[in-house]
Amino acid sequence: MARIELNRLAHSYKAHPSKPSDFALKEMTHTWEHGGAYALLGPSGCGKTTLLNIISGLVTPSQGAVLFDGRDVTRLPTEKRNIAQVFQFPVIYDTMTVAQNLAFPLKNRGVDRATIDRRIAEVSRMLGLEREMNRPARGLTADMKQKISLGRGLVRADVGAILFDEPLTVIDPHMKWLLRAQLKRVHEESDVTMIYVTHDQTEALTFADKVVVMYDGEVVQLGTPQELFERPEHTFVGYFIGSPGMNVLPARIEGDRAHVGAAAIPLGAGYAPLGAAVKSEIGIRPEFLRLAAGTDGFSVALKRVEDIGRHKILRCELDGRPLAAIAPEAAEIPADGIRLSADPAHVHVYADGHRVPAAGRA
Ligand SMILES: Nc1ncnc2c1ncn2[C@@H]1O[C@H](COP(=O)(O)OP(=O)(O)OP(=O)(O)O)[C@@H](O)[C@H]1O
């Protein structure tokens with residue numbers, strides 16, 4: 001188990017970085033609690049692998065420190081950090097059997113035979129590899145090889161953290177679900193800190209207790225799946241998480257009203273003026289919009305209705321911008337124009353992408 005602290009950490013691959021865009025990782029300070037299951041989530045190029053490699057010791061950061069349980073490990077090589085790693089593609093020995101591959105990290109550290117046998121039996125059961133144990137790794141499918149890689153990551157009981165870099169990329173979709181559920185169970189049983197890199201929100205939300213959302217070299221939010229859903233701290237989080245993502249609309253904020261074109265949308269509380277220089281927007285998740293009766297709410301142009309079984313997605317436009325709303329499966333959708341209303345407690349205000357706290361609301 002390890003508590004991982006990132007202290008004013010930043011990294012540039014350039015020798016002489018001079019501007020923010022030279023940094024693959026912009027300055028961040030975070031503590032990741034021991035025993036937590038964290039997912040690093042973000043689009044390609046946002047810096048996830050760079051951050052993971054700094055934690056594992058493959059990359060030395062150009063600024064700041066990494067501490068494991070209070071000990072500065074910034075300049076320690078990977079093998080001195082007491083971590084296990086699982087990469088995107090299988091890293092196994094083709095000439096060894098499955099059992100020998102699983103035993104390798106333990107044998108390497110001089111663990112006794114009885115413990116090795118017990119651990120590889122546990123891990124093989126967990127991953128459904130029992131029947132393959134005596135087969136040579138060569139010739140196994142990519143799926144199977146990656147399971148062995150996962151097993152090698154999980155086999156040591158003494159590691160402080162296990163780092164996974166998109167470990168299920170080569171696994172077929174059905175098996176992905178099973179393995180993710182197994183990893184979650186392993187985490188619950190072992191209490192080891194796990195950090196799991198992915199660009200897939202489903203993978204992140206089903207695996208992690210805490211999701212670290214990265215965008216353009218920054219951690220834009222670190223929160224539980226529910227926090228990311230209910231209170232996105234950045235428009236990117238709102239847009240990236242959820243299906244469909246949060247509606248983000250340019251808006252003029254006046255006290256407790258947001259004006260989008262002709263629509264005046266009530267906010268949950270009053271806001272101080274944002275200033276003319278900032279890009280002011282509101283964010284409303286489709287789940288918090290509903291069909292309004294009579295003259296309630298605001299008028300939108302309905303473009304199409306998608307029936308996805310559990311509910312309907314109303315694809316609308318407000319002031320020429322797309323706006324999605326979720327309606328119950330049984331809802332009658334009027335053909336002659338619709339009005340929507342938003343739950344004011346779930347209308348967020350953003351200045352230059354960052355959520356603005358309301359006066360009187362956290
Ligand atoms: N060894 C390197 N040398 C120079 N630039 C690099 C190096 N590795 C990554 N970068 C750059 O740093 C930025 C962050 O890359 P990184 O691989 O950390 O992102 P990522 O979120 O893991 O992306 P992906 O999901 O595609 O792996 C990108 O602009 C990338 O081009």
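This is a predicted model: local features need pLDDT of at least 70, side-chain atom pairs count only at pLDDT 80 or more; totals for chains, interfaces and linings use all residues.
Student: Which residues of α2 are buried?

Tutor: Helix α2, which covers residues 98–107, has V98, A99, N101, L102, A103 and L106 as buried residues. Buried means that 20 or more other C-beta atoms, also placed from the backbone, lie within 10 Å of the residue's own, while exposed means 12 or fewer and partly exposed is in between. The buried residues of α2 pack against α3 as well as α4.

Student: What about α3 and α4, at what angle do they cross?

Tutor: The axes of α3 (residues 113–127) and α4 (residues 142–154) cross at roughly 140° and come within 10 Å. That angle makes α3 oblique to α4. On the α3 side V123, S124 and L127 take part, and they meet K147, L150, G151 and L154 of α4.

Student: Zooming out, how many helices and strands does the chain have?

Tutor: The chain comes to 8 helices and 21 strands, where helices (H or I, at least four residues) and strands (E, at least two) are DSSP runs numbered from the N terminus. Its C-alpha atoms fill a box of roughly 75 × 50 × 30 Å along the principal axes, and 39% of its 362 residues are buried. Of the contacts with a separation of 6 or more, 66% join residues 24 or more positions apart.

Student: What does the UniProt record say about residues 4–241?

Tutor: An unreviewed UniProt entry annotates residues 4–241 as "domain: ABC transporter"; UniProt positions are given in the numbering used here, feature names are shortened, and annotations may be inferred rather than shown by experiment. Over that range the chain is 35% helix and 24% strand, with the end C-alpha atoms 25 Å apart.

Student: Let's pick single residues. Is Y196 buried or exposed?

Tutor: Y196, which sits in strand β8 (residues 193–198), counts as buried because it has 27 C-beta neighbours inside 10 Å. Leaving aside neighbours within four places in sequence, Y196 is in contact with Y38, A39, F164, F207 and A208. From Y196 to L40 there are 156 residues in sequence, yet their C-alpha atoms are 6.0 Å apart in space.

Student: And P334, is that one buried or exposed?

Tutor: P334 counts as exposed, since there are 10 C-beta neighbours inside 10 Å. P334 is found in the loop between β18 (321–328) and β19 (338–342), and its C-alpha atom is 59 Å from that of R131, which is 203 residues away along the chain.

Student: Which peptide bond is cis?

Tutor: One that is cis runs from S243 to P244, with omega near -5°, and P244 lies in the loop between α8 (235–240) and β11 (247–250). Most peptide bonds are trans, and most residues other than glycine have a negative phi.

Student: So what is phi for R8?

Tutor: Phi of R8 is near 50°, a positive value in a residue other than glycine. R8 belongs to strand β1 (residues 4–11) and is exposed, with 11 other C-beta atoms within 10 Å. D216 also has a positive phi near 50°; D216 is in the loop between β9 (210–215) and β10 (218–223), and with 16 C-beta neighbours inside 10 Å D216 counts as partly exposed.

Terms used:
Residues are numbered from 1 along each chain as its sequence is written. Axes are lines fitted to C-alpha atoms, for helices over the stretch in contact, and angles run from 0 to 180 degrees between N-to-C directions. Angles under 35 degrees count as roughly parallel, over 145 as roughly antiparallel, 65 to 115 as roughly perpendicular and the rest as oblique. Two residues are in contact if their C-beta atoms, placed from the backbone, lie within 7 Å.
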